[in-house]
Amino acid sequence: MPGVEPGVTVIEPARGFGTPDWTAVWRLRGLLSVFLWRDIAVRYKQTMLGVFWIVLQPLMVTAIYSVFFGYIARIPTEGKPYPVYVLATIVLWQFFARTLSEAGTSVHAQQALIGKVYFPRVVLPISAALSSAIDFLINFAVGLLVISAMGYPPPLRVAGALLFFVASGAFAIGLGFWLSALDALYRDVRYLLSFVLQVWYFATPILYPIAAIPEQWRWVFWLNPMVPLVLGFRWCVLEGVAPPDSLQLALSASVIALVFYSGSVFFHRIEHSIVDRV
Amino acid sequence: MSDRSVIVAENIGKQYRLGETASYDTLADALKRRFKRPVAERPSRHIWALRDVSFEVQEGEIVGIIGRNGAGKSTLLKILSRVTAPTAGRATIRGRVGSLLEVGTGFQPELTGRENVFLNGAILGMSRAEISRKFDEIVEFSEIAEFIDTPVKRYSSGMHSRLAFSVAAHLEPEILIVDEVLSVGDIAFQRKCQQKMQSFMRSGHTVLFVSHSLGAIAEMCTSAILLDHGTILRAGAVPHVMEGYFALLNAAGSSGARTGPLVHADCEILSAEILTESGKPSRTFDISDPVVLEFRYRVKRDLFSLHIELTVSRNMLELIRSYDTDGYKDPNRHCRAGDYVCRHVIPGHFLKAGSYAVKIGAGTPDYSMIEADNVLTFEIEEISENTQHRGYRAARPGHVISPGKWTTEKVAEASGQRVVGNAQ
């Protein structure tokens, strides 16, 4: 806060709009890392196979879809085997979906904590996102190994996939900021969310190429900021698939920036009184 | 703001919407409520949990916050520890604040004691290095070293709170905000916690705490704040604030709930009086004066047994419990029908300065006929007190002036010679 001598805290009603104090997030990296470590430790305590469960999820889903959509329905996949094609993008979607639901429910999930102790609340969605980012990195590495072993080593531009990962993370956190406030107020937000995520999943070209969609329905995909991210991610991971439309990519990036910015302002506005509402 | 003020609260207010904490459970409910009636017509359902609360706390002060349930004590602590924002006003705090609104905040049952020490410490605002440095001390203080690598879910509730308090006790802020945490574990551990608190306080730190143990507040605090219905009723010296609190409690219960009936089918208390040694009614006594408590009672029919019971308390802490049968061989001397008068004399130089309340009862060892709280109150003041007799002063710990005497003898000459009792 400007104009205040160090070591002095001024407690006042929340007024006006501003962005969260991002430097506070950096100063609280200790707490952030403890939260992160706690999430991971709690998740895998008493599970014998530990990290195996993280990896199993995308592999299982890929195997199931390969049987139904690849083998039985024979969906075209730009000349790639169905498992390779799906595995190349499903890790990104799973990261996005998990970050969104974890960040969106993080405040409510920690209501006992926030009622008793102060720390910038923004740490909660951020630590939820970081914990699913760690899962993503493991899954991404394993996914690359698997598709390489199947004869499809990634091209050099594979490092660019991390850009699409960061963009989907920012999108998920931005939406998560909005959702966590709503989730604190209304219990049915989380049910609605899982439903919306299901529909969104099938409305994003993960299990099929965008070319499989009839021309007159393509405009729908322009409304979905995840489309260019998924296409871009796949283009980075696999040789010989269509790159994303650059105009659509720019549009998506602007939407994400807007959602992230407005979400953080909104979250900052309510973070001091959210405890009275959960 | 004076130079040594570490907390300055100016007109703090906190408004809650009624039912807000309960929330609307579903969106449908919320929408229904919103569209049922135009906004303007909806009745105002706001309450002020705190209103215009202003006070200053100086560095090194230990401030107790008292008040009945729902007076706004916890809300005030929550605002000062930044858990929730005020609706109005402003508070300025100078220094690092540690707040303990609950013991064991964020404890994770799946994690071990060791892991929880780090987690809880970080949540309370300690750095990892700080926790590592104090880790051994924390574990030693908790007395559960052998279970430190066991998941906390296997702990008994006593072990759980011991560990939690140990972490909290090693938080070293400049200003500590505490809500009712001294009551953990067994008596021995409680005492240890209290000692830890006291040494923290003596080392010049500022403490703000809510407690229902008025004894603890009287013992530890240098000043107090009485809250009622969200506003400050009294603030300042502890006895002054305590009196206000008792007045509040008495006023609240004045319709007979406080004072039990003085009449029973078999027995009736006719009068109760406080007298000086010479028999004059008085409410205020010097610290050196004896206090005479006199009761008249009527036994309505011949009984097998009867005793009169007397309790003297200060700040809700019972100091004396005495029976008229104490010290007599035959406990049933006065149980025939008739009127009686009994007196109990409390010697001078026994009660410290303060406000006292007397509770009276009548009954048999296994049956209570009459029990009446606060039938009498009196004050002890330090009128004859001077600086040479500071030992009696009210602020010193301990509830009464010791009736014992000190004697000291010289048992050996100084310089290198051993004391007789220790010689081989």
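Two strands are taken as paired if DSSP finds at least two bridges between them. In this predicted model, strand β1 (residues 8–11) of chain A is joined to β4(B) by four bridges, and the two strands run antiparallel. Within this pairing, Val8(A) has Arg94(B) in β4(B) as its bridge partner.

The contact between the two chains involves 29 residues of chain A and 41 residues of chain B. On the chain B side, at least two residues each come from α1 (27–36), β4 (88–94), β5 (97–100) and α3 (113–123). The most is given by β4(B), with six residues. The side of chain B that touches chain A comprises 19 nonpolar, 13 polar and nine charged residues.

Chain A contains eleven helices and one strand. The C-alpha trace of chain A spans about 65 × 50 × 40 Å along its principal axes. Among contacts in chain A with a separation of 6 or more, 80% are between residues 24 or more positions apart.

Chain A has a mean pLDDT of 86, with 96% of its residues at 70 or more. Among the elements of chain A, the lowest mean pLDDT, 77, belongs to helix α1 (residues 22–27) of chain A, and the highest, 94, to helix α10 (residues 226–237) of chain A. Where pLDDT is low, predicted coordinates should not be read in detail.

Definitions and conventions. Residues numbered from 1 in each chain as written. Chains lettered and ligands numbered in written order. Predicted model: local features only at pLDDT ≥ 70, side-chain atom pairs only at ≥ 80, totals over all residues. pLDDT = per-residue confidence, 0-100. Contact = placed C-beta atoms within 7 Å. Nonpolar A, V, L, I, M, F, W, Y, C, P; charged D, E, K, R; others polar.
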